[in-house]
Amino acid sequence: MSKDLTDLKVQKEVLIEGNPTFETITDNVSRVVEKKPGKIWYILFTISGSLTLMLFGILAFLFWEGTGIWGLNNPVGWGWAIVNFVWWVGIGHAGTLISAILFLLRQRWRTSINRFAEAMTIFAVICALLFPAIHVGRIWVIYWVFPIPNQMGMWPNFRSPLLWDTFAVSTYFTCSLLFWYVGLIPDLATLRDRATDKIKKIMYGIFSLGWRGGNKQWKHYELAYLVLAGISTPLVLSVHSIVSTDFATSLIPGWHTTIFPPYFVAGAIFSGFAMVMTLSLIARKAFDLEHVFTPKVLERMNIIMLLTGTMVGYAYSMEFFIAWYSGSEVERFAFINRAFGPYAWAYWIMISCNVISPQLFWFKKLRNSIPVMFIVSIVINIGMWFERFVIVVTLSRDYLPSSWDYYSPTIFDIGIYIGSFGLFFTLFLLFLRYLPMVAMSEVKGVLPEADPHHGGGH
Amino acid sequence: MKKDNNKEKRYFRSLDHLIATDEYKEKTAREFPEGASEMNNDWSRRNFMTLMGASVAMAGIAGCRRPKEKIVPYVKPPEEVIPGVARQYASTMPLGTSAYGIVVESHEGRPTKIEGNKMHPSSNGSSNALIQASILGLYDPDRSQKVLEKGKEKEFADFLTFWAEKYNVYRANNGDGLAVVSESFSSPTMARLKKAFEKVYPKAVWATYEPVSDANIFDGLKIATNKDVRPIYDYSKAKVILSIDSDFTQTESENINANAGFAAGRDLDDEHSEMNRLYMVESAFSSTGASADHRLVLKQKEIDRFVHALADKLGVVSANINLPDASQAWLDPLVEDLLANSGKSLVVAGRRMSAQIHALVCGINDVLKNNGNTVTYTNLTDVSVSHISDLQVLTEKMKTGSVSTLLVLGGDPIYNAPSDLKFASAMKKVETVIHTGLYNDATGKHATWHIPASHYLEYWSDARSADGTVSVVQPLIAPLFDGKSSVEMLNLINSGELLSGHDIVQETWKPMISGEFEKGWKKVLHDGLLANSSLNSESISFKLKNINSPGSGDEDGYEIIFAASPAVYDGRFTNNGWLQELPDTVTRVAWDNVAQVSKKTADKLGFNSEDLITLSVNDAEVQMPLWIVPGTADDVVVVALGYGRKGIGRVAEDAGHDVYPLRTASTMDFASGVTIAGTGRTYEIANVQDHWSMEERPIIREATKDYYEGHPEFAPHAVHHPPLESMWDEFKYDKGYQWGMAIDLTTCTGCNACTIACQSENNIPIIGKEEVRNGREMHWIRVDRYFAGDVDDSSSVEMVHQPVACHHCELAPCEQVCPVAATVHDDEGLNTMVYNRCIGTRYCSNNCPYKVRRFNFFNFTKETPEIVKMAMNPDVTVRSRGVMEKCTYCVQRISKAKIEAKKDDRRIKDGEVVAACQQACPANAIAFGDLMDKESDVVRIKQRNRNYALLGELNVRPRTTYLAKIRNKNKNMPGAQESQTEHHG
């Protein structure tokens with residue numbers, strides 16, 4: 001295989017610290033899955049499991065009573081459900097981005113975090129998909145949004161951005177799931193081979209699809225992985241663009257702007273990286289994987305957050321400029337109202353979290369400080385939630401002041417949001433427990449030993 | 001739902017929730033047939049069959065229902081009744097001393113909708129919110145259903161036995177110890193029975209009492225003319241109107257006529273059309289005040305002085321009064337304008353003004369030569385007017401124990417009599433109290449006998465309207481709860497026998513109908529009234545001798561005004577969910593009465609809206625929430641009567657606060673020297689519009705008449721926008737019918753009749769205070785209210801109204817975003833809502849710039865009692881939870897007209913399809929019809945140069961458009977120059 005300059009350059013860097021061997025990598029990662037989980041895992045699982053049960057409880061009540069249990073009202077037809085949907089979809093962006101785009105760009109530092117990030121994507125998208133489904137008034141006919149042939153000859157309305165959403169998010173979910181699963185196959189085979197009890201052997205055996213690690217298999221595998229990466233990459237850009245059209249194609253002041261697609265994509269990457277950061281810092285500590293999630297990787301992620309955070313900040317100011325430049329009084333009002341109206345508190349939380357806090361990463365010392373990056377990553381996700389909140393509650397003051405109202409959530413809005421964290425973490429903890437959280441086969445690929453020129457002088 | 005009865009605040013999520021509580025049922029200790037079991041009760045079935053029987057008997061007579069008190073089995077389907085085809089019957093709704101002719105739509109024997117009777121002089125085919133909502137009162141499950149003796153259930157036969165004994169006693173002693181408290185009426189039969197009563201029981205006492213009445217008006221005219229007459233105002237002839245605290249378009253008597261006449265005087269074809277001018281002097285902000293061209297805000301006592309000064313200036317009386325500068329500056333140009341329009345002006349005073357003011361007003365109209373022109377007078381014939389003095393005399397007698405039997409004929413004096421009369425304690429001294437009422441109310445609960453009354457849609461009676469026209473009250477359904485009417489009860493008291501109301505009424509009418517009685521009677525039933533029965537106008541001569549000089553008008557603390565509620569009136573409609581949920585024209589508050597004060601007064605007191613305050617006056621105190629209403633007179637608190645009526649029904653139970661304890665016989669209209677204290681608590685109010693200002697957006701486009709004359713196209717040109725082009729291939733709406741609507745903001749007074757008419761026609765659910773507070777009101781047509789002017793200067797504040805319903809945009813933004821195509825356009829331009837297809841994403845509502853879409857957040861109709869379901873319009877789907885709904889332009893009425901037209905193989909004629917809101921509108925402010933018919937009314941109106949599309953710049957192409965609001969300012973009035981609003985043209 002010919003090697004390009006990037007490869008050369010990358011290999012000069014030490015991507016995995018501690019100078020592990022193939023064996024130690026396999027051991028380090030597999031042992032997390034193989035040994036009995038610690039007390040902490042059980043505690044966390046109990047907490048997140050309880051929150052998930054609470055979520056299901058509230059959902060049952062919601063389906064029984066109707067969406068009136070939420071704080072929605074006449075001007076504000078969408079509330080926390082849609083905020084959470086956009087937020088979770090945003091979070092779900094980094095996984096595929098890290099995996100697919102960085103893979104295509106031969107950014108090999110991604111290997112330590114890609115599995116992790118992909119899993120996060122899958123679970124975040126599951127949480128995200130929950131919301132558009134449950135926010136409808138009549139959940140039992142939700143399947144009408146799919147173009148299923150029926151005796152009425154009724155098709156969905158292809159002009160509706162909500163329909164585009166249905167396709168975009170479900171496509172994204174399917175591709176992400178496949179991409180993740182294909183990447184898992186060699187590692188599943190490793191676990192199968194190391195399995196000590198029968199059930200594990202059978203289960204890992206089924207899902208590793210008979211992987212033997214043969215040359216042909218690797219060849220097909222890598223091609224499949226490349227193709228999936230190629231398919232996933234445009235999806236990263238399209239999903240959030242399309243989600244943004246829910247707002248952008250409407251005629252509501254503050255929603256009706258063309259900047260939404262790029263701004264939403266930047267915001268999604270921004271929040272996705274922040275979430276990966278938060279989770280990897282925890283996992284790194286909890287499972288002693290400091291040598292895999294190296295400071296270098298973390299620093300690079302911080303730089304991406306700084307970049308995307310600044311792009312988001314630019315979008316915020318551009319919105320104001322265009323609102324003024326458009327000459328539309330109502331549009332102008334909507335933005336002034338965002339910053340100084342009844343929801344100004346939410347707006348300024350958003351600005352502080354999203355625009356100001358990532359600026360700390362200009363300083364090398366701060367972007368290499370684990371506590372700083374941990375706090376900033378959480379702050380960013382709070383900020384990104386508020387960004388979506390600010391956008392959605394723009395509805396509260398539109399064209400006719402007679403309909404203006406104030407929206408505030410009920411305990412059920414909050415409960416479902418918290419419950420969605422329960423669902424996310426439950427899935428995540430199960431993932432940590434049963435699947436290799438780091439792509440062993442790929443990490444091995446970036447070890448110095450994997451380099452044919454390892455040892456030099458050949 | 002658990003409820004704590006001691007809590008100050010108590011809400012329920014929906015009416016149904018409240019209905020479903022067991023606690024409530026226990027509390028009221030009244031058996032209430034619940035749910036579906038109801039239709040199996042023999043009463044409903046029997047009555048239904050009775051009615052069907054009547055329909056059979058009626059074959060051949062279209063449009064009238066001959067009573068036949070016989071049960072006829074439904075052996076053969078009657079030829080006349082086609083299931084699914086509604087029938088219309090004429091009747092009359094009596095209210096106080098007024099009577100409104102109505103036409104009631106009946107589906108297979110159950111009345112569902114009320115419209116005005118075009119032939120009746122007091123309704124002229126339109127109606128108001130109270131009339132529209134009264135149909136719900138018929139089906140109120142909380143109505144009294146059982147004869148009670150000291151709280152124990154009895155049969156009416158028991159009462160008959162009881163009365164037979166008493167009857168002999170009172171016949172023998174000429175009625176000594178017998179007394180009657182009756183509601184006001186204007187009815188030939190009731191008048192005849194009253195006369196008979198007086199003849200049979202010469203020693204008995206009769207008192208007529210209504211908490212809200214026109215007594216001051218009649219008394220004033222008596223002072224001025226020495227005759228018992230009532231005024232009939234012709235607003236359509238008046239070029240200049242001065243209203244002295246008269247909310248003639250909404251809460252005063254004969255408001256439908258007044259509204260129509262007033263609107264006729266400002267129905268502008270173009271900028272050259274003549275327009276009347278309304279001057280308003282008032283303390284509270286009323287809907288009439290909102291339509292005023294000039295408004296002077298004074299305390300009630302100051303109004304008194306103002307009228308005296310006006311009378312003095314016009315030479316009616318001589319009174320030496322120094323008005324404050326602001327009032328004087330207002331008075332001079334006003335007098336000039338009035339004199340210039342002598343004979344074409346009209347001065348009218350509200351019912352809260354004293355008799356003396358009404359006498360002066362009569363004199364002013366005399367001087368201005370309006371008497372006989374814009375105002376005529378008819379004899380008070382067959383009318384029993386409320387007189388507090390009579391009630392005072394009666395209460396004194398009761399206290400001394402000289403009354404042994406008291407008959408309370410409707411009404412609830414324990415609840416609403418002046419507090420200083422101490423009616424409740426006086427009633428304890430009476431051996432036997434017989435109460436008849438729709439509800440087992442406070443008086444009913446303390447009475448010896450309580451007899452359920454029948455609703456006016458259930459009984460036979462008659463009425464005389466203001467101009468004297470006699471009309472008939474005919475039942476649309478046999479009494480649902482075996483109630484007895486006042487006519488039947490009074491006849492029973494007089495004669496000891498129970499006759500049917502029908503026979504009693506016919507007895508009265510026999511001498512009135514010339515020619516063959518049966519024939520004439522049928523015609524009366526068909527028309528609802530006796531043609532040409534109006535009384536000749538009375539010639540009056542104004543002879544006012546000496547008048548008391550008005551009070552000093554000095555600062556004497558806060559003044560409280562007791563106003564009739566535009567929703568629940570005096571309390572008789574308190575248990576009506578539609579009216580409770582109707583946002584007030586001025587405050588936009590539903591489900592409560594509030595202490596309305598100006599911004600300045602609130603600031604002075606240091607309170608804000610929703611603060612719970614204590615009002616003390618006349619040795620009584622009431623706690624209620626404060627509410628800021630810009631444009632209210634400073635140092636004045638306006639409170640609506642009729643709320644806080646406990647123990648009559650689930651709707652009324654927690655709605656508002658009872659202010660009757662503050663009202664005494666001498667302060668029926670207003671009281672001075674009120675003290676206001678805080679409680680440190682707040683009280684949550686369900687308000688549908690928090691925002692006062694229009695934010696300088698061109699929503700309601702308004703100009704003065706002068707400006708309009710110079711800029712006739714100001715309204716459509718108020719907004720500049722780039723060329724409007726669509727992204728899509730546009731459908732050309734150029735075939736068949738194309739429906740459209742126009743609403744005239746100049747004539748609309750914001751009276752809310754449209755909202756209730758729509759609710760009744762389209763089965764719109766009642767959702768309860770908490771849900772209204774949550775911002776989920778369901779009304780398909782709402783009346784937006786905005787304020788303009790300086791909130792600290794009450795006289796400068798102007799109020800504007802705008803009814804908003806679905807605009808049926810040709811390029812509807814809601815349709816584009818629905819993922820399942822549940823809202824789509826039809827080829828007649830209707831934006832249709834397919835309930836069955838709707839999955840409830842609410843995206844359409846978000847994307848609606850007018851925010852007229854309404855979402856069923858809960859299943860609001862799930863537990864609607866079976867009996868309330870009888871009020872539903874069978875032509876309109878009842879929506880379940882999770883679906884969006886909105887105005888359909890009354891598509892069911894369009895379909896009905898189409899079917900009729902198709903049968904005759906013709907096009908629908910203009911005026912054949914009348915939307916419910918349009919039909920109810922007393923001001924004729926709403927035009928609706930086929931835009932393809934170039935001769936149609938709606939096209940004619942849309943061609944006026946005031947026509948503009950609200951938010952037309954969004955290129956949504958609304959089918960509903962508005963006609964800009966014009967105010968006819970007098971250049972010489974103070975403040976008139978600055979209000980020549982410069983609209984960008």
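What share of the contacts in chain A with a separation of 6 or more comes from residues 24 or more positions apart?

The share is 82%. Two residues are in contact if their C-beta atoms, placed from the backbone, lie within 7 Å.

This is a predicted model, in which local features need pLDDT of at least 70, side-chain atom pairs count only at pLDDT 80 or more, and totals for chains, interfaces and linings use all residues. Residues are numbered from 1 along each chain as its sequence is written, and chains are lettered from A and ligands numbered from 1 in the order in which they are written.

**Exercise 1. Describe the overall build of chain A.**

Step 1. Count the secondary structure: chain A has 16 helices and zero strands. Helices (H or I, at least four residues) and strands (E, at least two) are DSSP runs, numbered from the N terminus.

Step 2. Compare the radius of gyration with the globule rule. The radius is taken over C-alpha atoms, and the rule is 2.2 Å times the number of residues to the power 0.38. For the 458 residues of chain A the rule gives 23 Å, and the radius of gyration is close to this at 23 Å, so chain A is as compact as a globular protein of that length.

Step 3. Find the buried share. A residue is buried if 20 or more other C-beta atoms lie within 10 Å of its own, exposed if 12 or fewer, and partly exposed in between, with C-beta atoms placed from the backbone. Of the 458 residues in chain A, 49% are buried.

**Exercise 2. Describe the contact between chain A and chain B.**

Step 1. Count both sides: 38 residues come from chain A and 41 residues from chain B.

Step 2. Look for helices on the chain B side. Helix H25 (813-817) and helix H26 (843-846) of chain B each supply at least two residues there.

Step 3. Sort the chain B side by residue class. Ala, Val, Leu, Ile, Met, Phe, Trp, Tyr, Cys and Pro count as nonpolar, Asp, Glu, Lys and Arg as charged, and the others, Gly among them, as polar. The side of chain B that touches chain A has 18 nonpolar, 14 polar and nine charged residues.

**Exercise 3. Work out the sheet of S1, S2 and S3 in chain B.**

Step 1. Give the order: three strands form an open antiparallel sheet, S1-S2-S3. Two strands pair if DSSP finds at least two bridges between them.

Step 2. Name the edges. Strand S1 (87-95) and S3 of chain B each pair on one side only.

Step 3. Count bridges: S1(B) and S2(B) are joined by nine, while strand S2 (residues 98-107) of chain B and S3(B) are joined by six.

Step 4. Pick out partners. B:Arg87 has B:Ser106 in S2(B) as its bridge partner, and B:Glu105 stands opposite B:Lys113 in S3(B).

Step 5. Inspect the turn: two residues lie between the strands of the S2(B) and S3(B) hairpin, where B:Glu108 takes a positive phi near 45 degrees.

Step 6. Check burial. In strand S3 (residues 110-116) of chain B, seven of the seven residues are buried.

**Exercise 4. Work out the four-stranded sheet of chain B.**

Step 1. Give the order: the open sheet runs S12-S11-S10-S13 in chain B, with parallel pairing.

Step 2. Name the edge strands, which are strand S12 (294-297) and strand S13 (345-349) of chain B.

Step 3. Take one pair. Strand S10 (residues 240-244) and strand S11 (residues 277-282) of chain B are joined by five bridges, and B:Ser243 stands opposite B:Met280 in S11(B).

Step 4. Helix H12 (residues 355-367) of chain B lies across S10 and S13 of chain B, at about 175 degrees to S13(B). Axes are lines fitted to C-alpha atoms, for helices over the stretch in contact, and angles run from 0 to 180 degrees between N-to-C directions.

**Exercise 5. Is B:Ile894 buried or exposed?**

Step 1. Locate the residue: B:Ile894 is in helix H28 (residues 891-903) of chain B.

Step 2. Apply the neighbour count. B:Ile894 has 21 C-beta neighbours inside 10 Å and therefore counts as buried.

Step 3. List contacts, leaving out residues up to four places away in sequence: B:Ile894 touches B:Trp739, B:Tyr889 and B:Val913.

Step 4. Compare sequence with space. B:Ile894 and B:Trp739 are 155 residues apart along the chain, and their C-alpha atoms are separated by 9.3 Å.
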